[in-house]
Amino acid sequence: MPFVVKKFHVKEKTKAFLFLIKELGYTQKEAQRLISKGRLFIDGKSMTKTGGFVDGEFDLVEFEPITKGLKPIEVEEHFVVFDKPSGVLIHPQSRHTPYSLVDELRYQFGKEANITHRIDQETSGIVLCAKTKQSEIDIKYLFENRQIQKTYLAIVNGKLEKDLLIEAPLLRQKHQSTNVRTIVVVDKKGKPSKTTIKPLKYFQDLNMTLVEAKPHTGRQHQIRVHLFHVKHPIVGDPLYGQSFKNMMKYFDKKISDQERLNNTKATRLLLHANELEFSLYKKDYHIKSKTDFQNKFKQFLV
């Protein structure tokens, strides 16, 4: 478990964030963020006021990364790239999350290293990670200003024969049930969103098509929703194209692999982040995944 509880003792009453700065080496921003997230406990109760005081004994929950041996596929001076397996979270969802890509990154490259963008837990493929605070700022700027070209591969239902340009506004929406997390829908009130789709290979025996997808905007679940919108949902998608009952079972983690296979035709979402193209510090990069997605996807159909 990467989050561990450590006990500390202060002899004189002092502001908690100052103790974290002076004694543990946190920056002021990091220290106040830890406190505001409820990671500091006094007599079993979490402190959330960043200006609060500690006096005597208290507990602090700290992140100590672990490794499962996942190696980056590329290491540069300012960044590294991991080829993330499906099922691995990018960031921990809570302090009880047993492992995420952040663990691997910081275990190998230190606490300043950080992930610069997200892909879904079930999406496999390349993730660009900064090695320093400055490179994190600069790479995130590239993403925010659409200066990084992302290319995905996906297996979709049905036969897709022609290139598609999908321009459909996307809106984040919450279901009436509080148990269901946010999903994304096509809605005229949503944000402009654009994806190009190119069919690569049709598998007649499966009635499925391998496609290349390039998002020109960076909306949550964009490729998934756009492909569902044009009636070619991604194989294995547990949300888009599923009944409300099946969505609930997925969110509540009460769906078996066999049910998932029966409902979606695969045991995972068949979406793969395959390429990134960008320029950073006057140098051009074109990074490709090492995973042979085209020939490996069938293992998730049984």
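The model is predicted.

Start with the sheet. Four strands make up an open sheet, ordered S1-S4-S2-S3, and their pairing is antiparallel. Strand S1 (3-15) and strand S3 (45-47) sit at the edges. Each has a single partner strand, so one side of each lacks a neighbour in the sheet. Neighbouring strands are turned against each other by 40 degrees on average, direction ignored.

Now look at one pairing in detail. S1 runs antiparallel to strand S4 (residues 53-63), and 10 bridges join the two. Within this pair, Val4 stands opposite Glu62 of S4. Helix H1 (residues 16-24) packs on the sheet. H1 touches S1, strand S2 (40-42), S3 and S4. The direction of H1 makes about 110 degrees with that of S1.

Next come the charged side chains. The salt bridges number nine. One of them joins Lys6 and Glu62, with N to O at 3.3 Å. Lys6 belongs to strand S1 and Glu62 to strand S4, so this pair ties together parts that are 56 residues apart in sequence. Glu62, at 10%, counts as buried. The pair also belongs to a network: salt bridges link Lys6, Glu62 and Glu64.

A second salt bridge lies elsewhere in the chain. Arg224 pairs with Asp120, and their closest N and O atoms are 2.9 Å apart. This pair links distant parts of the chain, 104 residues apart. Arg224 is in helix H5 (residues 222-229). Asp120 is in the loop between strand S7 (114-115) and strand S8 (124-130). Is Arg224 buried or exposed? At 6% relative accessibility, Arg224 counts as buried. Asp120 is partly exposed, with a relative accessible area of 23%.

Lys159 is partly exposed, at 45% relative accessible area. Glu161 reaches 62% relative accessibility and counts as exposed.

Conventions
Residues numbered from 1 in each chain as written. Predicted model: local features only at pLDDT ≥ 70, side-chain atom pairs only at ≥ 80, totals over all residues. Heavy atoms only, no water. Pairing = 2+ DSSP bridges. Axes fitted to C-alpha atoms, helices over the stretch in contact; angles between N-to-C directions. Contact = heavy atoms within 4.5 Å. Salt bridge = Lys/Arg side-chain N within 4 Å of Asp/Glu carboxyl O. Buried < 20%, exposed > 50% of the residue type's maximum accessible area, 1.4 Å probe, protein only.
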